[in-house]
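Let's take a friendly walk through this structure, one region at a time. Please keep the viewer open as you read.

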Amino acid sequence: MKDPRPGEPLIVFKDVRVGFDEGNVLDGISFQVSSGETKVLLGESGSGKTLIMKLAAGLMRADSGQIMVTGQEITGMTENELLDFRRRIGFVFQESALFDSLTVEENVAFRLREENVAEEEIDKRVRETLRFVEMEEAIEKYPAELSGGMRRRVSMARALVDRPPIVFYDSPLRSFRGACAAGFRWRALSSIDRPSCSMTRPPRASIRSRRKRSSL
Ligand SMILES: Nc1ncnc2c1ncn2[C@@H]1O[C@H](COP(=O)(O)OP(=O)(O)O)[C@@H](O)[C@H]1O
Ligand SMILES: [Mg+2]
């Protein structure tokens, strides 16, 4: 997967539809995000934000429509191609999704060990990435010993450790308390030297619409 140049389309959705037993959740979703561009997808809980990210990250398949990421059409990929694509992107899940039985170090190093990277290099990269998210001190801890915000930061380190060409953050402003924490988050997002894409939901007080569909 090549790194996109500024201004090049990074993510393209064309008439994408996804439905479950209860009917369509996404219907006729089309949008484009270019490298270096900020686009916000706002929607209340259950409107399909996570779904859009999972589709773009190749974690789920669309029922119809086309999805292109970094110039590759992922909707036309075989299972093996999709598996390979997923291995090369970073994804920070809304609920962290860390392995509870592994330490912070083991969680962050997971993909590197799967790829048989030398232990010396793993140690260097894991420490460097944990330092970036200000979590190096927690390296030997287990997820259960950390707060929600700390788990998110470890999850962020896990997504960044093998330097993927694109990183997806689901609801990046969740579980960060206070302006100070939000400041950290923005610094973290803006200093990552690669394209990243994030989805968020409006603060509770600003939700007026009861419509259950995402809009862009
Ligand atoms: N694997 C699935 N099976 C059935 N329904 C799903 C699945 N994934 C998501 N949904 C449904 O799709 C809708 C959108 O979910 P989601 O993308 O998680 O919303 P958001 O992130 O905007 O809160 C929800 O109603 C959810 O129940
Ligand atoms: Mg969500």
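Two strands pair if DSSP finds at least two bridges between them. Within this pairing, valine 12 stands opposite methionine 68 in S3, and isoleucine 11 stands opposite valine 69 in S3.

Before going further, a word on what you are looking at. This is a predicted model, in which local features need pLDDT of at least 70 and side-chain atom pairs count only at pLDDT 80 or more, while totals for chains, interfaces and linings use all residues. Residues are numbered from 1 along each chain as its sequence is written, and chains are lettered from A and ligands numbered from 1 in the order in which they are written.

Strands S1 (residues 9–20) and S2 (residues 23–34) are antiparallel and joined by eight bridges. They form a hairpin with two residues between them, and glycine 19 stands opposite asparagine 24 in S2. Put together, the strands make an open sheet of four in the order S2-S1-S3-S4, with antiparallel pairing. Its edge strands are S2 and S4 (72–73), each of which pairs on one side only.

Now turn to ligand 1. Which residues are around ligand 1? They are Phe20, Val25, Gly43, Ser45, Gly46, Ser47, Gly48, Lys49, Thr50 and Leu51, where a residue is near a molecule if its C-beta atom, placed from the backbone, lies within 6 Å of it. By class, this shell has six polar, three nonpolar and one charged residues; Ala, Val, Leu, Ile, Met, Phe, Trp, Tyr, Cys and Pro count as nonpolar, Asp, Glu, Lys and Arg as charged, and the others, Gly among them, as polar.

Helix H1 (residues 49–56) gives the largest share of the shell, three residues. H1 is mostly covered, with six of its eight residues buried: Lys49, Leu51, Ile52, Met53, Leu55 and Ala56. Buried means that 20 or more other C-beta atoms lie within 10 Å of a residue's own, with C-beta atoms placed from the backbone. Just after H1, glycine 58 takes a positive phi of about 75°.

Ala56 brings us to the largest nonpolar core, which has 41 residues; Ala56, Ala157 and Phe168 touch the most other members. Such a core is a set of buried Ala, Val, Leu, Ile, Met, Phe, Trp, Tyr and Cys residues joined through C-beta atoms within 7 Å. Leaving aside neighbours within four places in sequence, alanine 157 is in contact (C-beta atoms, placed from the backbone, within 7 Å) with Val108, Thr129, Leu130, Val133 and Met135.

Finally, the whole protein: it has six helices and seven strands, and 32% of its 216 residues count as buried. The average pLDDT, the predictor's confidence in each residue from 0 to 100, is 81, and 76% of the residues score at least 70. Over residues 176–184 the pLDDT is below 50, and beyond near neighbours in sequence this stretch has seven contacts in the model.

Key
Buried ≥ 20, exposed ≤ 12 C-beta atoms within 10 Å, placed from the backbone. Contact = placed C-beta atoms within 7 Å.
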